[in-house]
Amino acid sequence: MALLSVRDLRVQFATPDGIVDAVSGVSFDLKEGETLAIVGESGSGKSVTNLAYMGLLPKTRTTITGSVVLKTEDGEVDLIGMSVEDLRKIRGKDVAMIFQDPMSALHPYYSIGDQLIEAHQAHNEVAKEVSRDRAIELLALVGVANPDERLKAYPHQFSGGMRQRVMIAMALMNNPKVLIADEPTTALDVTVQAQILKLLRDIQAKFKMAVILITHDLGVVAGAADRVNVMYGGRLVESASVNDLYENPLMPYTVGLLDSIPRMDQGHGKRLRAIPGQPPSLIQLGSGCAFAARCSRKSELPNGKCETSPELKAVSAGHLVRCHLYDSKESVK
Ligand SMILES: Nc1ncnc2c1ncn2[C@@H]1O[C@H](COP(=O)(O)OP(=O)(O)OP(=O)(O)O)[C@@H](O)[C@H]1O
Ligand SMILES: [Mg+2]
C-alpha cells in the first residue's frame, strides 16, 4: 500500500462560462520516501490536483470526486470528503505544502519565529520553549545563519531564496510524511533555484519524506525526482521513472516538452522548439485525446482515432502512457 493513493480524482468548477473540467480522472501512487514530479504546461491541472485533497480549493461551485487515501499513524484515511476540521489536523502535520510565493504562506506582520513556533504549537501540546528549539534547529538545517537571532526577523527582511528556506523550515516543523512543493523555485534565479532543489533533495533523504514536486519545467526534474507524472488537459498522460522518461519519452506531448528544454547532451547551438499551439479549453473538453489538436504524430493513426478516448496503459513495468500510438499494450486503468 502506497503512502498516498490517488484514485480517479475529478475536479469541476462551475463558472459563468460553463463547467471547467480541471482534473478528469487522475490516479497515481506516492510511495514512502519517493520524490514524484508532476509536470505539465500552465493550466494542465497540476495545482488543482493537489489542492483538491488538501481541502484548499474554494468550497462553493467546486465538485470533487474520487478518493485520496493517506496512510497515517491512526490508519488509512480518505482525504476526499473529510471534514474541514479533520483535514486541518492533517495539513501541516502529516502533509505540508510549500508554494512558489513564500509570502503567501508567511504573514508579513509576525516575526518568522512567532510563525514557526505557532506552526508547531498548533499540532503539539508542548511548552513554547520546545517549539522554539525546534524552530532554531530547522532554520539551521535549511541554511539560515544565526537562527537564534533570525527568529526575531520579519519575512521582508529575508531575500527571496532565504524566505523560501524559511517556508521549507515551516513546512518541516511537524516532520510531515509528505511534502507538496508547488513550483517552489519558479520565482527564483537559476543559482538559487538549484540550491533550493538540492536542499529539498537533502531534506527528503534525511527525513525519508515523500515529496510531490510540481513544476512546469521538465528541466528541473532530472536531478530532483525519482518518478515523473506528465499532465495535460487535466489528465495524466505519461508516468515513468525519471530515467525512463528522459531516455524513452512516449507521449508526443512529453517529447515536445523535452524538446523545449536545454539539454547538456545535445551540445550548444541546437534551437529549442516550443510545442506549437495552445493548451485546450477545459470547458466541454471532449472525451478524445486532449493533445490531438497539437499532435505531430496524429496522422500516423487512422482518421478519427484520436477523437476517441485513449486509456492510460503500461508499455513496460512502471511506464504508463495515454496515447493510441501504444494501443496494442495492455490497459492498466
Ligand atoms: N477556482 C477556480 N475556478 C475556476 N477554474 C479554476 C479554478 N482554479 C483553477 N481553475 C482552472 O483549472 C485549470 C487547472 O488549473 P491549475 O491551477 O491546476 O493549473 P496548473 O497546471 O497548476 O498551472 P500553472 O503551471 O499555471 O500553475 C485551469 O484551467 C484553471 O484556470
Ligand atoms: Mg499551478
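Q: Which elements each supply at least two residues of the shell around ligand 1?
A: This is a predicted model. Of the 15 residues around ligand 1, those that come nearest are F13, A22, S42, S47 and V48. The elements that each supply at least two residues of the shell are β1 (4-15), β2 (18-30) and α1 (46-53).

Q: Which element gives the largest share of the shell around ligand 1?
A: The shell around ligand 1 draws at least two residues from each of β1, β2 and α1. The largest share amounts to three residues, and the element that gives them is α1.

Q: How many residues of the shell around ligand 1 are nonpolar, polar and charged?
A: There are 15 residues around ligand 1, with F13 and S42 among those that come nearest. By class, the shell divides into six nonpolar, eight polar and one charged.

Q: Are α3 and α6 roughly parallel or roughly antiparallel to each other?
A: Two packed helices are described by the angle between their axes and the distance between the axes. The axes of α3 (residues 112-121) and α6 (residues 160-172) come within 8 Å and cross at roughly 25 degrees. Angles under 35 degrees count as roughly parallel. The two helices α3 and α6 are therefore roughly parallel.

Q: Which residues in α6 meet those in α3?
A: The crossing of α3 past α6 is right-handed. On the α3 side, the contact involves I112, Q115, L116 and A119; these meet, in α6, V166, A169 and M170. The residues of this contact divide into six nonpolar, one polar and no charged. The α6 residues asked for are V166, A169 and M170.

Q: Which strands stand at the edges of the sheet?
A: Eight strands form an open sheet of mixed pairing, in the order β6-β7-β8-β3-β9-β10-β12-β11. Two of the strands each have a single partner, so one side of each is left without a neighbour in the sheet. From one strand to the next, the twist averages 20 degrees. The edge strands are β6 (95-98) and β11 (312-316).

Q: In which sense do β6 and β7 pair, and what angle does the direction of α6 make with that of β6?
A: β6 and β7 (residues 178-182) pair over four bridges in the parallel sense. Within this pair, A96 stands opposite L179 in β7. α6 packs on the sheet, where it touches β6 and β7. The sense is parallel, and the angle between the directions of α6 and β6 is about 170 degrees.

Conventions. Residues are numbered from 1 along each chain as its sequence is written. Chains are lettered from A and ligands numbered from 1 in the order in which they are written. This is a predicted model: local features need pLDDT of at least 70, side-chain atom pairs count only at pLDDT 80 or more; totals for chains, interfaces and linings use all residues. A residue is near a molecule or strand if its C-beta atom, placed from the backbone, lies within 6 Å of it. Ala, Val, Leu, Ile, Met, Phe, Trp, Tyr, Cys and Pro count as nonpolar, Asp, Glu, Lys and Arg as charged, and the others, Gly among them, as polar. Axes are lines fitted to C-alpha atoms, for helices over the stretch in contact, and angles run from 0 to 180 degrees between N-to-C directions. Angles under 35 degrees count as roughly parallel, over 145 as roughly antiparallel, 65 to 115 as roughly perpendicular and the rest as oblique. A crossing is left-handed if the near helix is turned anticlockwise from the far one by less than a right angle, and right-handed if clockwise. Two residues are in contact if their C-beta atoms, placed from the backbone, lie within 7 Å. Two strands pair if DSSP finds at least two bridges between them.
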